[in-house]
Structures are given as C-alpha cells and as structure tokens.
Amino acid sequence: MPENSDISIAHLRGDLTATAASLLQELDSLGRIISTARAEVVALRAEGLDQSVIPSATDELAEIVSHTAQATHDILDACEQLEALQGVPPDKAETLMTATTRIYEACAFQDITGQRIAKVVTALQLIEARISKARACFVPDPTSSHQVEPAMSTVLLNGPQLPGNAISQSAIDALFD
Amino acid sequence: MTLDRSIKVLVVDDYKTMTRIIRNLLKQIDFHDADEAADGHEALAKLRSGSFGLVISDWNMAPMTGLDLLKEVRADARLKHLPFIMVTAESKTENVVAAKQAGVSNYIVKPFNAETLREKIEKVMAHA
C-alpha cells in the first residue's frame, strides 16, 4: 500500500459515495495491517525462530528427558543394590524397605515430567510449522524445503493434566464403587 | 479372604523406567512373579502364550494403546475375565469412563504410591 494512500483517498473522497469512501478507508487499513504482518514475518525469518530457535529448544528438552531418564535408572540401580543387602537386622531392614519404597514412588516423576515435556515439544513443533507456513505465504524461499509436520497423534491421550483439569484418584474410585 | 500373591503379573508400559518402578513396588508388596511388555502387541502375545493372573497396563502407548489392549483382552475368550488395571497419567473423566465401559477392572492415576497399588490389586483380585 503506497504511503500517500490517505492523500489519494482524501482526493477521491469528493467523487465517491459515503459508503464507497468508507469501504476504501477499510481497505486502506487492511493494507496497513497486512504490510505490518509481512514485516513481522520477515523479522521472524531474520531471528531464525522457526529454523534454529525452536528446533534448538526442542533438542534441549529432549536432552533433559534423556538425562533425567539416565539419572533415574542410576537411582533405581542403587536402590536395587540396597534391597539386595543380606544380613540386615530386621528393624533396620524395615527402615531400609520404607526408604526404598519412597524412592521408587518418587522416581515416577521421570515418567510424568517426560510426558509433560513431550506435550511442550509437540506445542513447539506446532508453532514452528505454523510460522513456516506463514513465512512461506509472505516470503517464498525457493531454497528451503523445510516443512515441519508436528507429530500429533489422534490415538494417544493428552498426558498429565494440570491441577484443576484433572480428576482425582478418589473421584475415579467413586466411579468404580 | 487371602490374597494369592503367587499369581503372575504382566506389567505393560513403553517407558522402561515405569515398568522397572512398578515391578519393584510389586516385589515390595510381595508379588514376586512379574513379567513385562513394552507395548500392547507384545503384551497380547505374552498373555496368549503364558498364564497370567493380572495385567497392569499403561494407557498412553503406540501403536497399540492400553485401551486397545484392554479391548483385545476382553474380546479373547480365554482372557476375557483376566483382571486388568490401567495405570496412567491421563485423568480426564471421559477417558476413565471409556476404560470402564471397555471393561477395565480398576484405574490408577500416576503418580501413585505402593499403598494405592496394593489396595487396587486387592480390590480387583477380590472380584476375580
């Protein structure tokens, strides 16, 4: 949209009906919005949001999952070694078992956090794909064949719910009573 | 009623950490005979070739989900009465209802503790 469009519209206004002038004004506003959006999308490309920032963030999250999984297995290894100890006095054995049970229960965090991180990764991939598509509309790049399709599965569930969205174990129990 | 703790339990989860945790917790509540499967297909093959007294399965697996596994088990003449506990982080009411309609014996929300596991197994086995 030319920058002097306001002047042009003002110049034309005398020859137009009120409705046509209003419509022309709306089109002018729309043109400005599109122009701004295009500049924003071009800026996204310059910042490399869809081609480096988001892929890098998803890689970092994958590393978090991998490291916590390894740490959890190490904790479980140590716990199993403690359980295998022979000749522990009965009172100490009970304390040991209570402690190892608590460690096993706590280690389930890895599964829960892994599922939550997977949800975040899926959301990031979706944003990445949308940005790529928007950029392709405004700024066609013939050298780029990078099209990310998010791994959205319709058969899988949504994973852990946030507090407030979830049904409690006691509410579930009521369904089975 | 005395609970038979010598039954063979099949733990199904595609997350190795979780199968390991559940098997260890089972051991601590005196269920020492447990096997594991990493997905629904492997579980079904083991159930059809073995003699299991209880299934504890995750829901969120691919390609065969825990719900699909449950439906296959309930459709199998030899397995249809097998106690089946779903253990999942998914706690939306509609999913719990879907599992119940498919014939799940009980449902445990992650994270859970050894006491919840023991309590649900006892409840399910009492009705088996």
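Helices and strands here are DSSP runs, numbered from the N terminus. I am working from a predicted model.

**Entry 1. Loops of chain B**

I began with Pro63(B), which I found in the loop between strand S3 (54-58) and H3 of chain B.

I then went to Pro111(B), in the loop between strand S5 (106-109) and helix H5 (114-126) of chain B. The bond from Lys110(B) to Pro111(B) is cis, and omega there is near -5 degrees.

I also checked Asp30(B), which sits in the loop between H1 and strand S2 (34-37) of chain B. Its phi is near 75 degrees, which is a positive value in a residue other than glycine.

**Entry 2. H2 and H3 within chain B**

I turned to helix H2 (residues 40-49) and helix H3 (residues 66-75), both of chain B, and noted that their axes come within 9 Å and cross at roughly 25 degrees. H2(B) passes H3(B) in a right-handed crossing.

I listed the residues that make the contact: from H2(B) they are Gly40(B), Ala43(B), Leu44(B), Leu47(B) and Arg48(B), and from H3(B) they are Leu69(B), Glu72(B) and Val73(B). Sorted by class, this contact has 5 nonpolar, 1 polar and 2 charged residues.

**Entry 3. H4 of chain A against H1 of chain B**

Next I looked at a helix pair with one member in each chain. Helix H4 (residues 90-107) of chain A and helix H1 (residues 16-28) of chain B have axes that come within 9 Å and cross at roughly 155 degrees. Angles over 145 count as roughly antiparallel, and H4(A) and H1(B) are therefore roughly antiparallel to each other. The crossing of H4(A) past H1(B) is left-handed.

On the H4(A) side I recorded Met97(A), Thr100(A), Thr101(A), Tyr104(A), Glu105(A) and Cys107(A), and on the H1(B) side Ile21(B), Asn24(B), Leu25(B) and Gln28(B). The residues of this contact divide into 5 nonpolar, 4 polar and 1 charged.

**Entry 4. H6 of chain A against H4 of chain B**

I looked up another pair across the chains. Helix H6 (residues 169-176) of chain A packs with helix H4 (residues 93-101) of chain B at an angle of about 30 degrees, and the axes are 11 Å apart. That angle makes H6(A) roughly parallel to H4(B). I noted a right-handed crossing where H6(A) passes H4(B).

Ile172(A), Leu175(A) and Phe176(A) of H6(A) make the contact with Val96(B), Val97(B) and Lys100(B) of H4(B). I counted the classes as 5 nonpolar, no polar and 1 charged.

**Entry 5. The second largest pocket**

Which residues line the second largest pocket? From chain A I found Phe176(A) in the lining. From chain B I wrote down Arg74(B), His81(B), Leu82(B), Pro83(B), Lys100(B), Ser105(B), Asn106(B), Lys123(B), Val124(B), His127(B) and Ala128(B). The volume of this pocket is about 220 Å³. By class, I have 5 nonpolar, 4 polar and 3 charged residues in the lining.

Phe176(A) and Lys100(B) take part in the contact of H6(A) with H4(B), and both are in the lining of the second largest pocket.

Technical notes: Residues are numbered from 1 along each chain as its sequence is written. Chains are lettered from A and ligands numbered from 1 in the order in which they are written. This is a predicted model: local features need pLDDT of at least 70, side-chain atom pairs count only at pLDDT 80 or more; totals for chains, interfaces and linings use all residues. Side-chain values use heavy atoms; hydrogens and water are left out. On a 1 Å grid over the protein atoms alone, a cavity is a set of points where a 1.4 Å probe fits but cannot get out, and a pocket is an open set with protein on both sides within 12 Å along at least five of seven lines; lining residues have an atom within 4 Å of a point. Grid points are joined across faces, edges and corners, and a volume is the space filled by probe spheres set on the points. Ala, Val, Leu, Ile, Met, Phe, Trp, Tyr, Cys and Pro count as nonpolar, Asp, Glu, Lys and Arg as charged, and the others, Gly among them, as polar. Axes are lines fitted to C-alpha atoms, for helices over the stretch in contact, and angles run from 0 to 180 degrees between N-to-C directions. Helices (H or I, at least four residues) and strands (E, at least two) are DSSP runs, numbered from the N terminus. Angles under 35 degrees count as roughly parallel, over 145 as roughly antiparallel, 65 to 115 as roughly perpendicular and the rest as oblique. A crossing is left-handed if the near helix is turned anticlockwise from the far one by less than a right angle, and right-handed if clockwise. Contact means heavy atoms within 4.5 Å.
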